[in-house]
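This report describes selected features of the model shown below. The text follows individual elements and their surroundings in turn.

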Amino acid sequence: MNRKSAVSDILKQKIKGLKCRECGKLYPPVALHVCEFCFGPLEVDYNYDEIKRHISHERIENGPKSLWRYADLLPVEGYPTVGLYAGLTPLIEAKNLGTELGLNRLYIKNDTVNHPTLSFKDRVVAIAITRAKELGFSAVACASTGNLANSVAAHAAEARLQCYVFIPGDLEAGKILGSLIYAPTVIAVNGNYDDVNRLCSEVAGEYNWGFVNINIRPYYAEGSKTLAFETAEQLGWRAPDHVVVPVASGSLLTKIWKGFNELKMLGLIESVPTRVNGAQAEGCSPVATAFKEGRDFIKPVKPKTIAKSIAIGNPADGYYALKAVHESKGAFDTATDGETIEGIKLLARTEGIFAETAGGVTIAVLKKLAMNGLIPKDDTVVAYVTGNGLKTQEAVINAVGDVVRIEPSMDSFEKTLSIKK
Amino acid sequence: MANFKIRISFPEDKIKEPLIYQIGHEFKVVTNIRRADVREKTGWVELELTGEAAEIEKAVESLKAKGVKVEPIERNIIE
């Protein structure tokens, strides 16, 4: 695809700069993520008046068949240069799963087939690396044990950028194969999880790299809004009554809520009736626990769950995710490891979609919310399944049954299977 | 000179201790509080440390040894 043909034309004045979420102080649109005054997180500040003058259903629908059709609401200033095929994943009407759960209008947003690395991280990284190139970085980096690393390494390879991936020193070799194949520099840091965290923050402060989830984070995080944009468009330009979203850093949920509200503000949908529901693994549920206990702050936890892709014990955007769930009158719930595995199996058995563990958590929580009457049966519900099950096969390897073994004869076949002709 | 932004979370039994004052005396670091919320049973402080990288790392280790949780301002970076 020609880079320019990836979007119809670019709005030059759509980004005003960065703005502190806490004190409102304004900054130019550079690689900066923390307010120098109050240390609050920075967010992209858009020129919505300018965007509103140009954006329309038609303009979006005539755009590329990727998340770049929403370029007017994404924080890049030029034409996209990398990740041109990310997003616009299927919104599947999940009739079989809906029947099992007693939900008549259930949809699955299937990011297990995102391009190129089969998780929703391809959305945020497509934006982050395009922006990192615009900002002039020749090297990008991330700290990750899985999906983010895979996606950054793949996009950096496509963009011909140097790439550094930091991982905890005790991570199993198999976990990093999906990143190593793209030939980044993978740095295994001896020490525990906290040590790796601290080192990455120090490195990001000292080196002139585009650290996608540190100094590029304000741009990176905006990519998650495209899940809301696509959902609304795929539902015929309306927001669903409920969404169920896995919560790790809390950024995904926060941005989905923001995405629906942006569409309403710009007149692209009429209303946002959406209740935003958060799903966490029981073994790492700092945000769900704060919600249940009625707290407005997050107590960090030590993760212990098979859902490692969402095991973030002290989430950067936990507070904002909590706020979004409250604002939307949604709820939180959690899934045990056993329920997570059952969730993966249920989605696979009913809809033919093999999700990773985060998807299992989402489906398990969807089930609980439906059983508890928090999602009425005729409401339109969208569950976000964010990563491919082929990446976490170890989670279900002992839970999928075994083959039926027979001798190479019709007799053995018929006797073993007892199938009538 | 390096500059490092951290978030310290206090458990209830550490709230009364002058830990920030202590690391300012024990190590060659300048401490600068930017944001804080300290309540009866819990609290957090967001703090800037300026000094040589090795001194900052020692100050962080010392805070941890004193029984508080210390994380970079970004909290969990590994995703």
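Predicted model: local features only at pLDDT ≥ 70, side-chain atom pairs only at ≥ 80, totals over all residues.

Just after H10(A), the backbone at A:Gly267 adopts a positive phi of about 75°.

**Domains of chain A**

Chain A is divided into domain 1 (4–64), domain 2 (91–117 + 223–395) and domain 3 (136–215). Taken over C-alpha atoms, the centres of domain 2 and domain 3 of chain A are separated by 26 Å. Contact between these two domains of chain A involves six residues of domain 2 and seven residues of domain 3. On the side of domain 2 of chain A that touches domain 3 of chain A, one residue is nonpolar, three are polar and two are charged.

**Helix packing**

| Helix pair | Angle | Axis separation |
|---|---|---|
| H5 (residues 147–159) and H6 (residues 173–180) of chain A | about 25° | 7 Å |
| H13 (residues 337–351) and H14 (residues 357–371) of chain A | about 90° | 7 Å |

Helix H5 and helix H6 of chain A pack at an angle of about 25°, which makes H5(A) roughly parallel to H6(A). On H5(A) the contact is made by A:Ala149, A:Asn150 and A:Ala153, and on H6(A) by A:Ile176, A:Gly178 and A:Ser179. By class, the residues of this contact of H5(A) with H6(A) divide into three nonpolar and three polar, with no charged residue.

For helix H13 and helix H14 of chain A the angle is about 90°, and the two helices H13(A) and H14(A) are therefore roughly perpendicular to each other. From H13(A), the residues A:Glu339, A:Thr340, A:Ile341, A:Glu342, A:Gly343, A:Ile344, A:Leu346 and A:Leu347 meet A:Thr357, A:Gly359, A:Gly360, A:Val361, A:Ile363 and A:Ala364 of H14(A). The contact of H13(A) with H14(A) has seven nonpolar, five polar and two charged residues.

**Loops and backbone geometry**

Is A:Asn114 buried or exposed, judged by its C-beta neighbours inside 10 Å? A:Asn114 lies in the loop between strand E5 (105–110) and helix H4 (121–134) of chain A, and because it has 26 C-beta neighbours inside 10 Å, A:Asn114 counts as buried. Leaving aside residues up to four places away in sequence, A:Asn114 touches A:Ala86, A:Gly87, A:Thr89, A:Ser119, A:Phe120, A:Asp122 and A:Arg123. The C-alpha atoms of A:Asn114 and A:Lys258, 144 residues apart along the chain, are separated by 21 Å. A:Pro116 is also placed in the loop between E5 and H4 of chain A, and the peptide bond leading from A:His115 to A:Pro116 is cis, with omega near 5°.

Most residues other than glycine have a negative phi, and most peptide bonds are trans. A:Leu88, a residue other than glycine, has a positive phi near 50°; A:Leu88 is located in the loop between helix H2 (57–61) and strand E4 (91–93) of chain A, and it counts as buried because it has 22 C-beta neighbours inside 10 Å. B:Arg75 sits in the segment after strand E4 (69–72) of chain B, and with 20 other C-beta atoms within 10 Å it is buried.

**Contact between the chains**

How many residues of each chain take part in the contact of chain A with chain B? The contact brings together 27 residues of chain A and 20 residues of chain B. Helix H7 (residues 193–206) of chain A supplies the largest share of the side of chain A that touches chain B, namely ten residues. By class, that side of chain A comprises 14 nonpolar, nine polar and four charged residues.

How values were computed: Residues numbered from 1 in each chain as written. Chains lettered and ligands numbered in written order. Helix = DSSP H or I, 4+ residues; strand = E, 2+ residues; numbered from the N terminus. Nonpolar A, V, L, I, M, F, W, Y, C, P; charged D, E, K, R; others polar. Axes fitted to C-alpha atoms, helices over the stretch in contact; angles between N-to-C directions. Parallel < 35°, antiparallel > 145°, perpendicular 65-115°, else oblique. Domains from an automatic or database assignment. Buried ≥ 20, exposed ≤ 12 C-beta atoms within 10 Å, placed from the backbone.
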